[in-house]
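Have the structure open while you read.

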Amino acid sequence: MRTFLPLLVALVLAPLAHGAENLALGRPYTLSPAPNYEYCTESGDAAQLTDGAYTMGYFWTQPTTVGWSKVSPVVITIDLGADVPIDGVSFSTAARIEAGAHWPRAIFLRVSTDGRQWYDAGELLGLATAQGFVLNAEVGPHGHMARNYRADGLAAHGRYIAFVVAPSGDYCFCDEIEVYRGPDSLLSQAATGKALASPEEGFEKALSDSQMSQVILADAAAIGRDLAQSSLPPERKKAFQDEMLAVLQGPVDAPPLAYYETFPLNETHRKVLELANIATGIGTVFNWFADLTQVVPEAFPQEGSVLELVITPCGHLRPLSDERILEMVIADIRKLLPGARDAEVLKSRLVRDRQGIFAQRPHMDRYRPTQRTPLDNLYLCGDFTMAGHSAGMEGAVVSGKLATSAILLDKMQVVEDYVEHPHFSHGLIPFIKYGQPALLALLALRMLKNKLSKA
Ligand SMILES: Cc1cc2nc3c(=O)[nH]c(=O)nc-3n(C[C@H](O)[C@H](O)[C@H](O)COP(=O)(O)OP(=O)(O)OC[C@H]3O[C@@H](n4cnc5c(N)ncnc54)[C@H](O)[C@@H]3O)c2cc1C
């Protein structure tokens with residue numbers, strides 16, 4: 001099974017019209033098992049999934065919807081009339097979670113030219129998510145939401161296409177399916193993968209693979225987000241992104257045992273989690289960590305890992321011994337990085353730096369110098385100078401720009417206002433400045449009032 005890192009997931013409010021010819025329109029299909037959801041099951045079910053009409057109103061009580069209850073899988077097989085090139089498909093459904101109607105867990109696409117040998121053409125939910133084609137309608141008056149899953153680029157062909165749906169929960173609903181024509185060149189494409197005797201052959205294994213790839217993709221997406229926000233140099237960021245994409249292009253095979261009992265789930269998952277070492281630690285004693293052998297390999301060429309971790313603020317840990325703090329940190333590392341569970345700690349060192357990072361205290365800003373100094377040929381920049389930001393990266397960058405502006409103006413009469421001058425009277429600043437005295441005044445008034453009412 002092929003997987004993709006879902007860097008962009010677009011959620012829009014209405015299904016978009018697809019430009020290509022809908023090959024399924026008006027075509028006959030079979031349903032297995034027969035629909036059995038009492039409020040929408042009727043004789044029209046035999047044609048409604050390809051009649052071009054989408055359900056209006058409360059989804060599962062309308063005759064235009066076809067519904068199943070307590071069955072899995074649901075197999076919808078459309079006869080396209082002849083061997084046709086297939087570029088994409090869409091599947092329209094709805095859910096209302098609090099009523100027990102969930103989104104499907106997976107929809108496997110299988111194609112066949114003769115109705116006897118079937119081939120896998122991908123899993124629709126995963127493809128739609130990766131391509132940004134999970135299209136949500138607005139929530140209806142009864143609290144349900146209609147959704148259209150669409151995938152393009154299937155590069156398949158066949159006379160028959162089957163949608164093997166794995167429902168989540170008790171229900172499965174669908175009101176319309178579309179199949180989009182691809183280029184004729186697809187017709188000469190030889191089938192790949194294992195031939196299946198029926199569309200639902202291998203359903204359990206495919207479902208297990210797809211559930212696993214969803215876990216791996218969720219982890220990969222979380223790491224991808226952290227990576228995008230990290231302050232790594234662009235070339236290292238790109239290298240990690242390329243590595244992640246390469247890992248995700250690999251096969252995601254479910255191990256024979258119950259996979260959910262072991263983490264990482266498989267080799268791909270292990271590689272994905274290893275890339276998490278550039279991400280921010282959450283729920284750990286440390287706030288941030290990096291494996292220096294990966295972040296700066298030129299400086300740390302050795303085997304294994306060299307982890308650097310930062311704990312800040314750390315006043316609550318200060319009374320503890322170095323040994324105890326290291327013990328807590330190592331326990332968290334083992335929890336966070338599965339690969340570290342069996343690793344031996346060869347060397348560790350704790351550096352206590354009371355002034356490593358600034359502490360935000362009231363009224364201290366006035367002690368920060370401006371970039372211009374009383375000396376004609378001395379200008380200052382750096383996070384400690386007055387730049388309208390706290391003493392972090394932003395403050396350091398803005399201070400540099402302010403210093404440059406000042407030098408250009410003073411020495412060359414060039415007006416280069418690199419940055420907007422900070423407006424100390426805007427935003428939350430006045431509240432910070434006046435909030436504390438105002439709060440104290442209110443408390444004093446309240447105490448006075450209480451005292452007077454008791455008297
Ligand atoms: C552990 C840690 C974590 C941090 N995390 C964050 C964060 O997540 N986000 C954030 O925004 N900020 C963070 N910061 C703060 C941020 O790193 C600093 O605010 C920023 O780097 C300051 O930039 P600067 O240019 O003012 O000073 P520096 O980056 O300190 O640059 C000063 C340079 O001057 C050099 N120097 C000193 N003396 C001399 C000399 N006599 N001659 C020549 N060169 C000299 C120093 O070697 C240094 O390279 C963190 C800081 C630390 C220590």
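Lys-70 sits in the loop between S2 and S3, where helices (H or I, at least four residues) and strands (E, at least two) are DSSP runs numbered from the N terminus. This is a predicted model, in which local features need pLDDT of at least 70, side-chain atom pairs count only at pLDDT 80 or more, and totals for chains, interfaces and linings use all residues. Residues are numbered from 1 along each chain as its sequence is written. Lys-70 has a phi near 55 degrees, a positive value in a residue other than glycine. Lys-70 counts as exposed because it has 11 C-beta neighbours inside 10 Å. The cut-offs: buried takes 20 or more other C-beta atoms within 10 Å of a residue's own, exposed takes 12 or fewer, and partly exposed is in between, with C-beta atoms placed from the backbone.

The loop between strand S2 (66–69) and S3 also holds Pro-73, and the peptide bond from Ser-72 to Pro-73 is cis, with omega near -5 degrees. Another cis bond runs from Ser-32 to Pro-33, again with omega near -5 degrees; Pro-33 is in the loop between S1 and helix H1 (45–48). Ala-155, in the loop between strand S7 (145–151) and strand S8 (156–166), has a positive phi too, near 50 degrees. With 17 C-beta neighbours inside 10 Å, Ala-155 counts as partly exposed. For context, most residues other than glycine have a negative phi, and most peptide bonds are trans.

## Cores

A nonpolar core here is a set of buried Ala, Val, Leu, Ile, Met, Phe, Trp, Tyr and Cys residues joined through C-beta atoms within 7 Å. The largest has 56 residues, and Ile-78, Ile-107, Leu-124, Ile-161, Phe-163 and Val-179 touch the most other members. Strand S3 (residues 74–95) gives the most to this core, 10 residues. Apart from it lies another core, of 11 residues, with Met-212, Met-244, Val-247 and Val-272 among them.

What does Leu-23 touch, leaving aside its neighbours within four places in sequence? Its contacts (C-beta atoms, placed from the backbone, within 7 Å) are Leu-80, Val-84, Val-179, Tyr-180 and Arg-181. Leu-23 is in the segment before strand S1 (29–32), and it counts as buried, with 23 C-beta neighbours inside 10 Å. Leu-23 and Leu-80 are 57 residues apart in sequence, yet 6.6 Å apart C-alpha to C-alpha.

Tyr-171, in strand S9 (residues 171–174), is buried as well, with 22 C-beta neighbours inside 10 Å. Not counting residues up to four places away in sequence, Tyr-171 touches Tyr-37, Gly-67, Trp-68, Ser-69, Gly-100 and Ala-101. Across the protein chain, 69% of contacts between residues at least 6 apart in sequence join residues at least 24 apart.

## Helix H3

Helix H3 (residues 203–229) has 27 residues, which should span 39 Å at 1.5 Å a residue, and its end C-alpha atoms are 39 Å apart, which agrees. The expected span is 1.5 Å times one less than the number of residues. Buried residues of H3 include Ala-206, Met-212, Ile-216 and Leu-217. Among the elements covering the buried residues of H3 are strand S4 (106–112), helix H2 (124–131) and helix H4 (234–248).

How values were computed:
Two residues are in contact if their C-beta atoms, placed from the backbone, lie within 7 Å.
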